[in-house]
6 protein chains.
Amino acid sequence: MISSELQAFYTERERLNEIVMKYAGQGIKRFFSLDGQVYREGALPQKTKELLGLVASLVLRCDDCIKYHLARCFEAEVSDSELEEALAIAVIVGGSITIPHLRRALAFWDKLVGGDVEF
Amino acid sequence: MISSELQAFYTERERLNEIVMKYAGQGIKRFFSLDGQVYREGALPQKTKELLGLVASLVLRCDDCIKYHLARCFEAEVSDSELEEALAIAVIVGGSITIPHLRRALAFWDKLVGGDVEF
Amino acid sequence: MISSELQAFYTERERLNEIVMKYAGQGIKRFFSLDGQVYREGALPQKTKELLGLVASLVLRCDDCIKYHLARCFEAEVSDSELEEALAIAVIVGGSITIPHLRRALAFWDKLVGGDVEF
Amino acid sequence: MISSELQAFYTERERLNEIVMKYAGQGIKRFFSLDGQVYREGALPQKTKELLGLVASLVLRCDDCIKYHLARCFEAEVSDSELEEALAIAVIVGGSITIPHLRRALAFWDKLVGGDVEF
Amino acid sequence: MISSELQAFYTERERLNEIVMKYAGQGIKRFFSLDGQVYREGALPQKTKELLGLVASLVLRCDDCIKYHLARCFEAEVSDSELEEALAIAVIVGGSITIPHLRRALAFWDKLVGGDVEF
Amino acid sequence: MISSELQAFYTERERLNEIVMKYAGQGIKRFFSLDGQVYREGALPQKTKELLGLVASLVLRCDDCIKYHLARCFEAEVSDSELEEALAIAVIVGGSITIPHLRRALAFWDKLVGGDVEF
């Protein structure tokens, strides 16, 4: 069973993506497609790629992107320690301005690992 | 008739501007004035200027600024295609980190063009 | 007596910090500690340091950080004029993209100085 | 005849692109291709699109990108006044932190329009 | 006697400002003027204002802006300790991504205080 | 044998770090120390951590940081394909504004793997 919060996140995301696709021309459509492709397993495992996406999202401070990559990291079975080490790098690179995002990130992760979220 | 959402956006903006002006010295006041002047019709049509403001706001990822310039683009009779092409440039320049803002931008635009908003 | 809004801000911050500490390794813990140390009175008075933190937060556009440093500036007895001059520098350096944050900053400050907040 | 400075800019760009393509997988190749497509004439004239690229580059403060879009604006016959109005918007949105880039941008433009550069 | 490096910095800046003014319309001119006004002594001493400008420049990572405010801090008789404390705040807020700028900042400061620069 | 270019990079870095340490107080010193610690092998392998540092540096667009993490990736025996996939994620997240940095990154990597650099 998927938690209502995560469900709401994905539902809203889906709803908005439909609006994007209503207006999107070829450029935006291709970019959305590319955005999916680069996280696929390749020379680097998918887990590593999701951690790369997460760290990029944290240093650039985008809560939605952070939440999305946290959900993907959870699905890819990233452990608490692996997550913490990746976040530590992001916080050192990005500075204290990232701390509010770190707080929200770990609060979301805490729910994911807390058993009330299932995929 | 103006939609209640857009009305709420402008009302809140106005309320906060009054607080700004309560504290603002000459520097902030002059900057607010300048901020209005640069979007006025000149060698470039106003429509182009609003698109420039919109693209700048999207790559810098400020939802309030995006919403404001979308409303102004709508008033300047920017078409769906013109808007889409400007947003495509912004998304390519700014990357996938701008996508959550693009989603919210097009959801707002969809309401503006949907007929439930009038100026 | 502390206003309910400020109280809510600190309570939520505290709640989230507890989640951070649940997952934090040595790196994140040390960074949080360092983040506290650099604002302590030294060659520069604490008031100046809080203004430095505020300006950095405004140009980097982090509402949570801005709110935190505003509360600290208020505690350090920064006057309205001092605050306004610091914010004017931040707005000129950071541009109109900072204006929505300036609006929210001054709305929060207005409550702090309005007498409904006490420390 | 093309000025030696602009020639050097394009030559270095070309040399580096060859190295990029030596290592690039499908993701990077498709992105480079997309990056070209979004500036093509469509509902918006190419001139407007180059101005959008220029303003995005200035607020994000990338000298190489600014230089590239200035050369393209010049080819698209953007006038001095049109350029100035677009740059004014970028500087107001992005703040004084963009001024060093504005200086270098106009110094490059001055050479382009000065007659020592030909396409 | 002024060091040749600082002299070169100011001379190049002046040369480029002349090019800016050749193209600048009212918007850019007024913004340049505003940019000077906000650092003038007021409720906050000029020294504090230059430190605010410096910290904003470091977290936004603009070497030219950093260099300019360092020169102004030096003229305003900021001490080594005051400077270090301001930079420490900037580095903690902005993270390790600011370190290369910190290195260049202190190398420039070292020359300023080393006696080979005079105003 | 180490290439003269890489040698020059490290030598300049070392020279500047000495100047930093001449002025650094406890805050900056501790931060530099922390900055080293978070990349040490732990739950995540060092190779992954260097890729995380690299992607963070690319999306934040700091050439010095990119160069440093590329050298570290090379020492950690990151393959061309692994590097390319990490850079592809960074470029998609960060957008075309990162392309000039990607170009310089791959030109540097090309030298590292070209056999003219040894550790």
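These legends go with a set of close-up views of a predicted model.

The model is predicted, so local features need pLDDT of at least 70 and side-chain atom pairs count only at pLDDT 80 or more, while totals for chains, interfaces and linings use all residues. Residues are numbered from 1 along each chain as its sequence is written, chains are lettered from A and ligands numbered from 1 in the order in which they are written, and side-chain values use heavy atoms, with hydrogens and water left out.

**View 1. Chain F against chain A.**
Here 25 residues of chain F touch 25 residues of chain A (contact means heavy atoms within 4.5 Å). The pair buries about 2300 Å², with 81% of that on carbon and sulfur atoms; buried area is the accessible area (1.4 Å probe) that two parts lose on being put together, summed over both. Look for Leu52(F), Ile89(F) and Ile92(F): they supply 28% of what chain F buries against chain A, more than any other three residues. The superposition is by least squares on the C-alpha atoms of residues with pLDDT of at least 70 in both copies. Since 100% of the interface residues of chain F are also interface residues in chain A, the copies meet through the same surface.

**View 2. Chain E against chain C.**
In this view, 25 residues of chain E are in contact with 25 residues of chain C. About 2400 Å² is buried between chain E and chain C, 81% of it on carbon and sulfur atoms. Leu52(E), Ile89(E) and Ile92(E) provide 27% of the area chain E buries against chain C, more than any other three residues. To put chain E on chain C, turn by 180° and shift by 0.0 Å along the axis, and the RMSD comes out at 0.0 Å. The same surface serves both copies, as 100% of the contact residues of chain E recur in chain C.

**View 3. Helices H3 and H4 of chain C.**
Helices are DSSP runs (H or I, at least four residues) numbered from the N terminus. The axes of H3(C) (residues 46-59) and H4(C) (residues 63-75) come within 9 Å and cross at roughly 160°. Axes are lines fitted to C-alpha atoms, for helices over the stretch in contact, and angles run from 0 to 180 degrees between N-to-C directions. H3(C) passes H4(C) in a left-handed crossing, where left-handed says that the near helix is turned anticlockwise from the far one by less than a right angle, and right-handed clockwise. Among the contact residues are Leu51(C) and Leu54(C) of H3(C) and Ile66(C) and Leu70(C) of H4(C). The contact residues divide into seven nonpolar, four polar and two charged; Ala, Val, Leu, Ile, Met, Phe, Trp, Tyr, Cys and Pro count as nonpolar, Asp, Glu, Lys and Arg as charged, and the others, Gly among them, as polar.

**View 4. Helices H1 and H2 of chain C.**
H1(C) (residues 4-23) and H2(C) (residues 26-37) have axes that come within 8 Å and cross at roughly 140°, which makes H1(C) oblique to H2(C). Asn17(C), Val20(C) and Met21(C) of H1(C) meet Ile28(C), Lys29(C) and Phe32(C) of H2(C). By class, that gives four nonpolar, one polar and one charged.

**View 5. Two positive phi values in loops.**
Arg61(A) is in the loop between H3 (46-59) and H4 (63-75) of chain A, and its phi is near 60°, positive in a residue other than glycine. Glu77(E) is in the loop between H4 (63-75) and H5 (80-94) of chain E; its phi is about 65°, again positive without being a glycine.

Terms used. Parallel < 35°, antiparallel > 145°, perpendicular 65-115°, else oblique.
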